[in-house]
Amino acid sequence: MHKANDIRKDLPMYAERLALRGYGLDVAAMTALFLEHKDKSRRVENLRSQRNETAAQFKRVMAGDDSTAKSVLQSQIFTIQRDLPQAEAAFDAVNQRLEKALMFIPNLPHASVPVGEDEASNVEVSRWIPRRGYVGCDVVPAAPAYSPKDHVTLGDRLGLDMTLATRMSGSRFAFMRGPIATLHRALAQFMLDVHTQTNGYVECYTPYMVDASALMGTGQLPKFEDDMFKVERAGRAAQYLIPTAEIPLTNSVAGQMLAAEDLPIKLVAHTPCFRSEAGSAGRDTRGLIRQHQFDKVEMVQIVSPSESYKALEEMLGHAEHILQLLELPYRVVRLCTGDMGFSAAMTYDLEVWMPSQNTWREISSVSNCEDFQANRMNTRIKVDGVSAPVHTLNGSGVAVGRALVAILENHQTADGSVRIPDALVSRCFLPRIISPQ
């Protein structure tokens, strides 16, 4: 969330930069709201000052015999006691309106982010192909000698049962048994081991359901409530199933004053994620690409402001390392202003190659939110006696279901078997080949 004073001081700049990401800041409405807020605040301050001054005067005249002065001051005190609560209520009302307005304003894009309306303006940064390394942005993986099957066809013979899941829970759920369930579990374990043993993250186990305040802190609420599953129970406020472990991991420092020596904080967790996929009707309805329930290994870093863009490149490298160990062809894309998430100042997407579709599909997203989430969570760092918001970053390390899909499609053989990458064989004791049941 942006600070009200920062926006008030330079409304035209905020309007101009927010327009780059497709957000129209109503300058006239915000100006009027700021003026009303200032007026109501000044009214409260004046009445409180009058109350204190009048009380002091009344204390002095009480020692004397001037009944007229006493009566005048008593009348003034009565008026102030009547008017002050009304003024405070009016200020609270406009303050709530201002805070609500600020909650819907997205983060400012970093100056280096490409300008564009949608994914067509994203900029490819690099491309990596197994056994070839980094290649030019016009190179795609060689097509197999046979017609590649999609992951649903392959998975159906390896234990993926979409029909059973639909019968139990409706569309966009999956049921796995046997080899494919084992591979899914092993992928999550593998990612956690790499991030904790090699990349320096602390493994966490988090709640899968959180209060609205946690979602406010990371920016999912109030704007994206329709994208989440809401749980309501008698006798308490509604809670939400987490759409990503970013929420509990980042909120683990909410409301804290951190010392410089505490940073960086590097956290990782494997959780199920729950998304209603509101507005995505008809998109990726086949298979595991866009599910209501899916698993993800999530990385979060809490860093000092001067280190956040260095940390962003580091986290990108951590996600790339996973894909390289899994021998998956991928490309890195820098998102444009119109395609970034609400809380992000800069985002990289990693897209993995899908042979059956002959295209790239997102498998990880790594973002620097700068101080946007820290302001919402009130998380700060004190350096040399001066406090400032920390910077927060998050990234998929990576989406487990999509990694499973990518392995099935990229490591399939002509007979429908799937070759398991060496890193999974050595670390997770998997067989080198999983074959149809």
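1. In this predicted model, E362 has 34% relative accessibility and therefore counts as partly exposed. The residue sits in strand 14, which covers residues 359–368.

2. E362 is one of the members of a negative surface patch, together with E117, D118, E119 and D339. Membership requires over 30% relative accessible area and no salt bridge, and the 34% of E362 is the value to set against that cut-off.

3. A positive surface patch is made up of R8, K9, K38 and R42. Helix 1 (4–9) contributes at least two of the patch residues, and so does helix 3. K38 is located in helix 3.

4. Helix 3 spans residues 27–61 and also contains R60. With a relative accessibility of 57%, R60 is classed as exposed, because the exposed class begins over 50%. Between R60 and K70 there are 9.7 Å from C-alpha to C-alpha, at a sequence separation of ten residues.

5. R376 deserves a separate entry. The residue belongs to helix 11 (residues 372–377). R376 is buried but makes no salt bridge. Which side chain of opposite charge is nearest to R376? That side chain is E246, 9.5 Å away, whereas a salt bridge would need a nitrogen–oxygen pair within 4 Å.

6. The surroundings of R376 can be listed by residue. Leaving out residues up to four places away in sequence, R376 touches M1, M103, M216, G217, G219, L221, P222 and F342.

Terms used:
Residues are numbered from 1 along each chain as its sequence is written. This is a predicted model: local features need pLDDT of at least 70, side-chain atom pairs count only at pLDDT 80 or more; totals for chains, interfaces and linings use all residues. Side-chain values use heavy atoms; hydrogens and water are left out. Patches are made of residues with over 30% relative accessible area and no salt bridge: like charges are joined within 9 Å, nonpolar side chains (Val, Leu, Ile, Met, Phe, Trp, Tyr) within 5 Å. Accessible areas come from the Shrake-Rupley method with a 1.4 Å probe; for residues, only the protein chains shown count as cover. Lys and Arg count as positive and Asp and Glu as negative; His and the chain ends are not counted. The place of a charge is taken as NZ of Lys, CZ of Arg, CG of Asp or CD of Glu. Helices (H or I, at least four residues) and strands (E, at least two) are DSSP runs, numbered from the N terminus. Buried means under 20% relative accessible area, exposed over 50%, partly exposed in between (1.4 Å probe, protein chains only). Contact means heavy atoms within 4.5 Å.
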